[in-house]
Amino acid sequence: MLQEADNSYRTIRVAPQPSGFGAEITGPDLSHPLDRETLAEVKAAWARHAVVAFPDQPLTLDQLEAFTQQIGPFGKDPFIKPMPGHPNVLELRREPDEKATNFGAGWHSDWSFQAEPPAATLLHSEVVPPVGGDTLFCDCAAAYAALSPTMQRMIAPLRAVHSASRAYGTKGVFARETEKRTLQIIVSEEAEETLTHPLVRTHPVTGRRALFISPVYTVGVEGLTPSESQQILALLFAHMIQPQFIYRHRWRPKMLLMWDNRCTMHLAEGGYDGYLRLMHRTTVAGDRPV
Ligand SMILES: [Fe+2]
């Protein structure tokens with residue numbers, strides 16, 4: 001249920017979700033370059049609501065790429081083969097007869113194991129199954145804000161260890177799977193690498209603090225024992241995925257969704273075996289988390 005449009009915008013119509021996390025934007029035609037004011041308002045609405053949906057936007061791959069670059073330069077997408085002739089576009093296609101677990105089925109923030117993880121991910125729906133296939137988002141800034149001041153102080157100095165190993169490593173989920181998958185995943189030793197980011201990061205645009213951890217890519221906390229790491233992360237994950245921090249996105253065909261990886265995590269639901277689902281995805285480069 002969307003709220004009344006927020007009339008503080010001049011060039012676009014922004015209808016926020018009741019919590020303020022997530023919004024639908026109508027008005028602009030994303031198949032053409034946006035003028036400066038419209039682009040600024042789209043970016044402002046995105047900063048404010050973190051996950052913005054643009055319904056009824058039939059876009060070619062070229063137009064999706066062009067809009068992405070109006071938000072910022074492309075990010076680098078490892079471990080998945082891009083579309084032929086479109087090195088910055090991933091085609092997320094799941095065939096009706098596919099049995100492998102749907103892609104993105106665990107909570108994560110895209111490529112958080114990179115030194116400079118992507119600021120934005122854009123996902124455009126081509127074919128939407130009649131059942132299932134929702135994308136769930138967690139508001140990691142609201143989740144941080146809801147922690148006690150004591151817990152906030154406790155976790156403030158911590159650095160979380162991120163790695164792609166559980167998903168893309170040589171012993172990871174994809175390496176072990178036996179079902180056929182249309183998406184071409186490149187399992188690699190490179191995925192075993194780890195790096196650390198602040199467990200609480202500050203958003204470079206809004207200045208809001210957010211928990212920057214996820215069950216898929218956060219494998220520990222620097223300086224803690226494995227048991228201590230596991231327990232504090234489990235406590236924080238259980239806190240983050242409470243209903244009050246979640247926005248459930250329901251897809252319609254030809255919808256563009258843009259989310260902010262710096263203050264959200266997301267999960268792709270399945271439940272559409274027997275139906276084709278087809279999406280195109282791009283990412284926008286981001287900064288080193290601070
Ligand atoms: Fe993702």
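## Basis of the description

The model is predicted; local features need pLDDT of at least 70, side-chain atom pairs count only at pLDDT 80 or more, and totals for chains, interfaces and linings use all residues. Residues are numbered from 1 along each chain as its sequence is written, and side-chain values use heavy atoms, with hydrogens and water left out.

## The iron site

The iron ion has three protein donors, namely His108 (NE2), Asp110 (OD) and His266 (NE2), at 2.1 to 2.2 Å. Donors are N, O and S atoms within 2.8 Å of the metal (3.2 Å for Na, K and Ca); water is not among the atoms, so sites may look incomplete. Along the sequence, the donor residues follow the spacing H-x1-D-x155-H. The two histidines link distant parts of the chain, being 158 residues apart: His108 is in the loop between strand S4 (90-94) and strand S5 (120-127), whereas His266 belongs to strand S14 (residues 264-268). Strands (E, at least two residues) and helices (H or I, at least four) are DSSP runs, numbered from the N terminus.

Both histidines can also be described by accessibility. Buried means under 20% relative accessible area, exposed over 50%, and partly exposed in between, with a 1.4 Å probe and protein chains only. His108 counts as buried because its relative accessibility is 8%. His266 is likewise buried, at 5%.

Strand S13 (residues 256-260) is largely enclosed by the rest of the structure, because five of its five residues are buried. Leu256, Met258 and Asp260 point one way from the strand, and Leu257 and Trp259 point the other way.

Two strands pair if DSSP finds at least two bridges between them. Strand S3 (residues 51-54) runs antiparallel to S13 and is joined to it by four bridges; here Val51 stands opposite Trp259. S5 also runs antiparallel to S13, with five bridges, and His124 has Leu256 of S13 as its bridge partner.

## Ala115 in the loop between S4 and S5

Ala115 lies in the loop between S4 and S5. With a relative accessible area of 29%, Ala115 is partly exposed. Leaving aside residues up to four places away in sequence, Ala115 touches Leu195, His197, Arg288 and Pro289, where contact means heavy atoms within 4.5 Å. Between Ala115 and Pro215 there are 100 residues of sequence separation and a C-alpha to C-alpha distance of 18 Å.

## Cysteines

A disulfide is a covalent bond between the sulfur atoms of two cysteines. The criterion applied is a pair of cysteine sulfur atoms within 2.5 Å, and by this rule the count is zero disulfides. The closest cysteine sulfur to that of Cys138 is in Cys140, 4.0 Å away, which is too far for a bond. Cys263 is in no disulfide either, the nearest cysteine sulfur being that of Cys140 at 7.4 Å. Cys138 is buried, with a relative accessible area of 0%, and Cys263 is buried at 11%.

## His249 in strand S12

His249 is placed in strand S12 (residues 246-249) and is buried, at 1% relative accessibility. Its side chain forms a polar contact of 2.8 Å with the side chain of Tyr247. A polar contact is a pair of N or O atoms within 3.5 Å; within protein, one must be able to donate a hydrogen and the other to accept it, and residues adjacent in sequence count only if both atoms are side-chain atoms. Not counting residues up to four places away in sequence, His249 touches Ala53, Asp134, Thr135, Phe137, Met255 and Leu257.
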